[in-house]
Amino acid sequence: MEEYINVYRELIKVLEERFNHYRDGVKRLDEAWVSYRNAVNDLKREWDSEYPLIESRVNQLRNGIEGLRKQIEEAEVKREIGLIDEDSYNKLINELNNAMSELSKMYDEAKELLNELENGLMNHWIRSIDVSTVSQDTVENLVKNLEEARASGQISEETYNRLKRDLNLLTKALQAYSLLLKS
């Protein structure tokens, strides 16, 4: 009978070895997940604080383009009333159009990169949210606080729109999690 028990003791040793392997693996995954979530939240916090400045710099390019358009209009008026001759006008318009083309390219690239980074970070942020620890009441309070901050002028319209979008995404994630729990 002892041999019979020893066979199962050996089986338990093998099982314990496999269990320990997977327990260690789960522990490593948990540590990686915490590290990932912390990294995402740190980067998102940094991004949220710098986004208005970055966006305003991108918008400076757009404003520069508008400034060049106004200069083109002014040059046309000057030509029409005789303050500038045709050759000077053509040279100036050519320079302004070249500058506007270059600024437009820079603006398009910067705007595309801004959107790409924003979308990439949002994808990570949504994945990192532990919806099991966030309640619908918490989100509703955040929305209420956001609306109050907007109404009192504490935040800009751009910041309001970004935070509102974040809260809408969080609400959708909570709804999806709630549906998963019901199934």
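In which helix does Glu73 lie? I found Glu73 in helix H1, residues 2-80; helices here are DSSP runs of H or I with at least four residues, numbered from the N terminus.

I noted that this is a predicted model, in which local features need pLDDT of at least 70, side-chain atom pairs count only at pLDDT 80 or more, and totals for chains, interfaces and linings use all residues. Residues are numbered from 1 along each chain as its sequence is written, and side-chain values use heavy atoms, with hydrogens and water left out.

Next, I looked up salt bridges, defined as a side-chain nitrogen of Lys or Arg within 4 Å of a carboxyl oxygen of Asp or Glu. By this rule I recorded 13 salt bridges. One entry joins the side chains of Arg162 and Asp48 at 3.1 Å, N to O. Arg162 belongs to helix H4 and Asp48 to helix H1, so this pair ties together parts that are 114 residues apart in sequence.

Of its 15 lining residues, Asn41, Lys44, Trp125, Ile129 and Leu170 are the closest to the centre. Helix H1 gives the largest share of the lining, 5 residues.

Conventions:
Helices (H or I, at least four residues) and strands (E, at least two) are DSSP runs, numbered from the N terminus. On a 1 Å grid over the protein atoms alone, a cavity is a set of points where a 1.4 Å probe fits but cannot get out, and a pocket is an open set with protein on both sides within 12 Å along at least five of seven lines; lining residues have an atom within 4 Å of a point.
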